[in-house]
Amino acid sequence: MAKEKTKKADRLGLGRLLAFKSSDVAQAGVQAIVLGYLTLYCTDTLGINPALVGTLLMVSKLIDGVTDLFAGWLVDNTRTKLGKGRPYELCIIGVMICSIALFSADPAWSQAVKCAWIFVMYTLVFSIFTTFRGAANTPYTIRAFSNNQVLITKVASYGGIVTMAGAIVINTAFPIVMGQLATSAAGWTKTVAIFAIPLLLIGLLRFFLIKEDPTVDAGNQHQKVSLKEIFTMFRTNKYVWLYAGIMLCYNVITALGVGTYYFKWIIGNVSLMAVTSMFSIVTLPLMLVFPVIMRKIGTLGNMITSFCVIGIAGYAVVFFSGTWLPGVFFGGILGAFATLPLAYYGVLFIMKCCTYNEMNNLPRMDGSSNILSGFMSKVGAAAGSAITGVLLSVAGYVSGDNVAAQPGSALIMIRILYSVVPALLLVIIALCAKKFVKLEKLIPAWEAERDEKRAELQKAETGADLEEARAVTE
């Protein structure tokens, strides 16, 4: 009977999964549009210098450090009838409206006004609305699935497939519509709106369909979280730093953006990059077995470490393959496969960091525990492209439209950036993940002791209530 109840509690329905991931699909879709096409829009339609565009976006990222801290603190201190994380789902409205506005500048405006418009709208999209929605994601997930780690693991794995599939659809459809409509400033606005409005309707499904479990308090015995407690967590919880390091390295890997250089100058055909993307799709079904793999391996840290070893081997294959396409494709798939758990298992890392906070007599801080990792993710995303630019420049890369060939030093640097640098970052990720195993082994015994104390306290309080009732009766 107990096993039957457990199985029923751990069951994840397809409808509930799709409803919960609807918001992530919407966020991923509009984010792909903004990050993939904003620079092109700014340079070719608005006539803004690309270096100036890059500077504006980089300065905007610095604001994230402040908003991440404030967002985590605010979410941890949120208590409404709707719940702790669910109210912030409405930030998806701001994301979509400001994304449309971002592509609605008038080329006739002065350079200063255009730059100010882009800066403000980009900051609203990412530093305000996306940041607050992201800070609330972990508390919402925990409470939507009653703090059930088995269910949350399934949501992370199977939901990752849903999110990636949605992003693939957007990445495939947007360039087609853009080629037809985005031939003017008004055309860009119309193109983005065609995607953003339906994505907004999809993104709101989670808010309306998925409620928080009011019985879940995630062990938080404090009524409020103070900034002092947040900074105490920074000082005493090494695991939030380990996870922040993992996300820093992961985002550097994803933002290096050296693939176009590799296929242009090493392979000799940029269009073959599309084949790599097609091959990467085959890794999506493998996410269906991630929960089984984690049960077999036993800990999240060991699972991530094992995947990193696979990725490192893949990047080694890429480096030694050079221009041999089968090796480049196969090694690239292994490298992409290694990072899939990092993309979707963040909530599990944060849950463990929250438990460690409890072990140190702090609030769980479901929102604040993500501050460092969120900030480091944005630093990593900004640093990735910068690393590529600096190292290519140092290696003597020649810029220009009519360059027939690159010096040998630039070619070897392209190969290093495409394979060796990601492999080294995976080594760092593996070392950080391995250190997480110690915490994962401590948690079950600590939680059992905590639950036993709570049961004894509840029993004592019940006994006291019965004694009081008898006294009143007599």
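Met 365 counts as buried because its relative accessibility is 0% (buried means under 20% relative accessible area, exposed over 50%, and partly exposed in between, with a 1.4 Å probe and protein chains only). Met 365 sits in the loop between H16 and H17, and has a positive phi of about 55° although it is not a glycine. Most residues other than glycine have a negative phi.

Keep in mind that this is a predicted model, where local features need pLDDT of at least 70, side-chain atom pairs count only at pLDDT 80 or more, and totals for chains, interfaces and linings use all residues. Residues are numbered from 1 along each chain as its sequence is written, and side-chain values use heavy atoms, with hydrogens and water left out.

Asn 361 belongs to the loop between helix H16 (346-359) and helix H17 (371-394); helices here are DSSP runs (H or I, at least four residues; strands are E, at least two), numbered from the N terminus. Asn 361 isn't a glycine either, yet has a positive phi of about 60°. With 67% relative accessibility, Asn 361 counts as exposed.

| Residue | Relative accessibility | Class |
|---|---|---|
| Met 365 | 0% | buried |
| Asn 361 | 67% | exposed |
| Ser 60 | 1% | buried |

Ser 60 is part of helix H3 (residues 50-76). What does Ser 60 contact, leaving aside its neighbours within four places in sequence? The partners are Phe 119, Tyr 122, Thr 123 and Ser 127, where contact means heavy atoms within 4.5 Å.

Now for a helix pair. Helix H2 (residues 14-45) packs with helix H6 (residues 149-181) at an angle of about 40°, their axes 8 Å apart. Axes are lines fitted to C-alpha atoms, for helices over the stretch in contact, and angles run from 0 to 180 degrees between N-to-C directions. H2 and H6 are therefore oblique to each other (under 35 degrees is roughly parallel, over 145 roughly antiparallel, 65 to 115 roughly perpendicular, and the rest oblique). Residues meeting across this pair include Leu 17, Phe 20 and Tyr 37 in H2, and Val 155, Ile 170 and Met 178 in H6. The contact residues split into 15 nonpolar, five polar and two charged (nonpolar: Ala, Val, Leu, Ile, Met, Phe, Trp, Tyr, Cys and Pro; charged: Asp, Glu, Lys and Arg; polar: the others, Gly among them).

As for confidence, the chain has a mean pLDDT of 85, and 91% of its residues reach 70 or more (pLDDT is the predictor's confidence in each residue, from 0 to 100).
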